[in-house]
Amino acid sequence: MQRLKNKIAVVTGGSSGIGLAIAERFSSEGARIISLDLNEAADKPHIHFIKTDVSSSENVNRSFAQIAAEYDKVDVLINNAGISWSIPMIDITDEQWAQMLAIHLNGSFYCARAASRLMIDTQTPGAIINMSSVSGIVGSDGRAAYGAAKGGIITLTRVMAVELAQHRITVNSIAPGPILTPLIKNLWEDVKEYPRDVPLKRFGMPEEIAHAALFLSSDEARFITGIVLPVDGGFSITGKVNR
Ligand code: NAD
């Protein structure tokens, strides 16, 4: 199927893990993909890479100016770039706190602002998907900065959904549970341990987040806005999120 035929999709963090899976899936559904990332994925000529640090509004605005000049419009923005670590709240430094919020929360805001301005200017009924996390829904050890950023992304999603509805722009959020990507392999040395707390008893795969992102970006979801969709094997409903 070509569910995103003729669509222009910007994916932040599109060079690895979940972002790369979304870029590949969207490309197979007919979209043209622009990845805003610090690093370029190897051997992906169908993904237009624009080196961007999403935590810099200047850098983000420059990249979107380039996109506007080259593509005329943006139909879909996937705000996905991110980092992750677990540090007890009392040990987090100012720099660590600022960096976590800058990449996730500021970055999502800067990209959404630039993309929605372009969607409004070009009268494009767009879709914005913000990557939150189960850590933005529940309290889990070591996740003060990450969880605060991801919780902020859920609230940002709801506010943008209300404000941008008049422009026919939908804004939704996905909250992945543990997904097998380079990010989670760095976080848990023993990745076999972790899925015990997941009712479905396994990690999710990046492609499973791509399925959800595809649905929320497609014309089938035009009446859905402001939601947070957990894709987590039931993790967020167990109350056992303790790592
Ligand atoms: P990943 O490390 O595989 O990919 C993250 C990508 O973001 C990388 O390509 C990296 O270069 C890019 N990036 C990092 N900082 C950036 C910056 N300042 N500017 C531009 N790009 C930057 O990670 P992933 O597991 O695919 O995670 C993707 C998103 O999903 C993140 O927002 C993460 O918080 C979220 N998430 C992941 C999981 C999981 O279990 N993997 C669970 C919940 C939420």
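This is a predicted model: local features need pLDDT of at least 70, side-chain atom pairs count only at pLDDT 80 or more; totals for chains, interfaces and linings use all residues.
## A strand under cover

E6 is mostly covered, with seven of its seven residues buried. Follow the side chains and you will find Thr170, Asn172, Ile174 and Pro176 pointing one way, while Val171, Ser173 and Ala175 point the other way. Residues on both of these sides of E6 are buried.

## The neighbours of E6

Which strand pairs with E6 over five bridges? That is E5, and the two run in the parallel sense. To get from E5 to E6, the chain passes through helix H4 (residues 144–164), making a right-handed β-α-β crossover.

E6 is also joined to E7 by four bridges, and these two strands run parallel. Here, Ala175 has Pro230 in E7 as its bridge partner.

E5 is joined to E4 by four bridges, with the strands running parallel. Leu77 is the residue that stands opposite Ile128 in E5. A right-handed β-α-β unit is made here by E4, helix H3 (residues 94–121) and E5.

## A helix packed against the strands

Now take a look at helix H6, which covers residues 206–217. Its 12 residues reach 16 Å from the first C-alpha to the last, close to the 16 Å expected at 1.5 Å a residue.

Which residues of H6 are buried? They are Pro206, Ile209, Ala210, Ala212, Ala213, Leu214, Leu216 and Ser217. In an α-helix there are 3.6 residues a turn, so residues three or four places apart point the same way. The buried residues of H6 pack against helix H1 and against strands E4 (76–79), E5 (127–131), E6 (170–176) and E7 (228–231).

## Around the ligand

Finally, visit the ligand. Of the 29 residues around it, Gly13, Gly17, Gly82, Thr181 and Leu183 come nearest. Two helices, H1 (17–28) and H5 (182–187), each supply at least two residues of the shell.

What kinds of residue make up this shell around the ligand? They divide into 13 nonpolar, 14 polar and two charged residues.

Conventions
Residues are numbered from 1 along each chain as its sequence is written. A residue is near a molecule or strand if its C-beta atom, placed from the backbone, lies within 6 Å of it. Ala, Val, Leu, Ile, Met, Phe, Trp, Tyr, Cys and Pro count as nonpolar, Asp, Glu, Lys and Arg as charged, and the others, Gly among them, as polar. The expected span of a helix is 1.5 Å times one less than its number of residues. A residue is buried if 20 or more other C-beta atoms lie within 10 Å of its own, exposed if 12 or fewer, and partly exposed in between; C-beta atoms are placed from the backbone. Two residues are in contact if their C-beta atoms, placed from the backbone, lie within 7 Å. Two strands pair if DSSP finds at least two bridges between them. A crossover is right-handed if, with the strands pointing away from the viewer, the path from the first strand over the helix to the second runs clockwise.
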